[in-house]
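Morning, everyone. Have a look, and then I'll walk you through it.

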Amino acid sequence: MASSIEIAGLRKTYGSLSVLDDISVSIKAAEFLTLLGPSGSGKTTLLMTIAGFVRPNSGSIKVDGREIVTLAPHKRNIGMVFQNYALFPHMSVGENVAYPLKLRGVGRGERDDRTKRALVAVRMEQYADRRIDQLSGGQRQRVAVARAIVFEPNIILMDEPLSALDKRLREEMQVELKRLHETLGRTIVYVTHDQKEALTMSDRVAVLKAGRVRQIASPRDIYDKPVDRFVADFIGDSAFVPLTSREGGVGLAVSEGFRAAHVAGKADPLLLLRPEKIEIVSSSDRQPNLIHFDGVAEEVLFQGDLVVVHATLADGTRLKLQRGTRQNTMRDLPGIGSLFRMAIHEEDAWVVSGTSAGDHAR
Amino acid sequence: MSLRLNARLLSALETRSKAELALMVLPSLMIVAVVIVPAIWLGFLSFSVDGMPSLAHYQRMIDNSSYAAIFLTTFQLAGLVTAITVLVGYPATYAITLLPPRLSALALACVAIPFWTSLLVRTYAWMVILQRNGILNGWLLDGGLIERPLRMSNSFFGTTVGMVHIMLPFFIFPLYASMRSIDGNLTRAAYSLGATPTRAFFDVFLPLSKQGLIAGALLTFVLCLGFYVTPQLLGGGNVTTLSIKIQQNVIVYADWGAASALAVVLVVIVGLMLLASRLLGGRATD
């Protein structure tokens, strides 16, 4: 069934460039783990190293406790879905899917059977005789998945498999891949640079930057409790406001309780402000569990399902806040150029350190 | 007002594109005058003797057994050269695609530089190497590997060696282009599905480079059929190909009709081959 993967101390350099810098990750059996990061973060290299196409300089990759780091790719029995699908253009859909079975010497009858089942799993059974160039992008994507699962590998790797699809199809495929993961129960390592995709599909997300894992956690923790400014910045919209101890100074004042829970021990603490966590409150509002701040509305953008307000705070920090577009929420929007009061609930507030290494990624 | 102006401008543009089209007729007229008319004239010559319509030139090819030998030699030579070119050229080209970019550029330059050198110079170079008291025989004698010099020039062997050398670039360049267009992820995909490198090569890479292989081999074969300089010089009179016979008919016998008839037959054969390969190739990609 599914296999666990234990990656330890993995390093890869190209000349003086360190692409994988001491990567250690434990992937549980049947887990859906996403490697997320900007281009050049090493996420694809890490995936290719697991597949065996990139040979690391040092480190260990164990599958169910067995070392595979020196094993040739074709002996690893790991399914892989490539970014551009890499379907064989000189074979039909059915032949593509049957190919790994043919390599394993599976007999004709069983081969046809399993090919059909794999195509059914991705809802492509009626396309078995089609040529690859007769398929749309989404259909190719499904065939590539069928080919990667048909030989029942315990691990399936996916390298930005949805990046070539349009938004609607991508969202549809996200749901389908997630469903497939649940029914197959295999370990999936998934690479993407699309943070929303990562949050939607994964059991856990590993955020990479410059060849290092910055954080590995559940989607909710990655989003709500990023370990540092880079992770917070990379995932979702975010603004950062400095915190002070005394009211009236630069930055925001927070309660002692909040300070004890969130600020203690963090150098140069910054309050993370996500657009959907910010409320608009009346200018006299003083509720105890809210952290208040005032700003000037610069822009009010109606987007159909959401309305987004761009605001500038007294210290020059620019932030976005968003709310739904029901009539009652639309009524009390600030006018452009007007001063208004915002607040974030202490429960929703999160503090990151502003002086961690490798900041100012943007 | 402006609408009327627009209409006038648009019609002026229309006139101009017609004029441009007319201008392009000129080069095609040149081609007709310089290439097509003489070719038709030669074709016409082949069907006449002393100005009278006649099939004598074609009849001679059937009656005179030496013509059969010439056709056989020509096709044997072209076939052998093509076969060796493919066997040497395919692995060489594959190796070039596997090299890192800088080295592969260097390797391609090594293929291109002889390609740019005069055909005549290269053929003479082979004569120097292969002749009776040439470089190769000298080495073999000095090394004690042979006691008397081998006959390598003025022979079918020498002609074959020289022609393979000259043909390799014609085969390697189109094949290289076709191999380069194969997505490297396809062989990786084959590995990930469990194919050994050998298996991946035969199941994926070779079939995908087949088109380039066929195109290159066909080009080589067709060029070999009409090859004149190398068989003439390295064959030393012992290898009579169609092109040599054509030259003899014109220069020695001043018989343009006989020469034209051979040329017509060669053109027809090449045409049929191209047609056959088009049909076969078309089926392969369907």
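One term before anything else: two strands count as paired if DSSP finds at least two bridges between them. And one caution: this is a predicted model.

Let's start in chain A, with a strand pair. S16 covers residues 306-313, and S17 covers residues 318-324. They run antiparallel, and seven bridges join them. Take two of the pairings. A:Ala311 sits opposite A:Leu319 in S17(A). A:Thr312 has A:Arg318 in S17(A) as its bridge partner. Now the turn. S16(A) and S17(A) make a hairpin, with four residues between them. In that turn, look at A:Gly316, where phi is positive, about 95°.

Next, zoom out to the sheet. What is the strand order? It goes S14-S18-S15-S16-S17 in chain A. That is five strands in an open sheet, with antiparallel pairing. Which strands stand at the edges? S14, residues 278-281, and S17 of chain A. Each has a single partner strand, so one side of each is left without a neighbour in the sheet. From one strand to the next, the twist averages 50°.

Still on chain A, a word on annotation. UniProt, in an unreviewed entry, puts "domain: ABC transporter" at residues 5-235 of chain A. In the model, that span of chain A is 36% helix and 26% strand. Its end C-alpha atoms are 25 Å apart.

Now chain B. It has 12 helices and two strands. Reading from the N terminus, the order is α-β-β-α-α-α-α-α-α-α-α-α-α-α. Of the 286 residues in chain B, 27% are buried. On contacts within chain B, take those with a separation of 6 or more: 72% of them link residues 24 or more positions apart.

Residues 67-93 of chain B are 100% helix, and the end C-alpha atoms lie 37 Å apart. Residues 212-230 of chain B are 84% helix, with 26 Å between the end C-alpha atoms.

Last stop, the interface. How many residues are in contact? On the chain B side, 15, and they meet 17 residues of chain A. Two helices of chain B each supply at least two residues to that side: H8, residues 184-192, and H9, residues 197-225. H8(B) gives the most, with six residues. What is the make-up of the chain B side? Eight nonpolar residues, four polar and three charged.

That's the tour. Over to you.

Notes:
Residues numbered from 1 in each chain as written. Chains lettered and ligands numbered in written order. Predicted model: local features only at pLDDT ≥ 70, side-chain atom pairs only at ≥ 80, totals over all residues. Contact = placed C-beta atoms within 7 Å. Nonpolar A, V, L, I, M, F, W, Y, C, P; charged D, E, K, R; others polar. Buried ≥ 20, exposed ≤ 12 C-beta atoms within 10 Å, placed from the backbone. Axes fitted to C-alpha atoms, helices over the stretch in contact; angles between N-to-C directions. UniProt positions renumbered as here; feature names shortened; annotations may be inferred.
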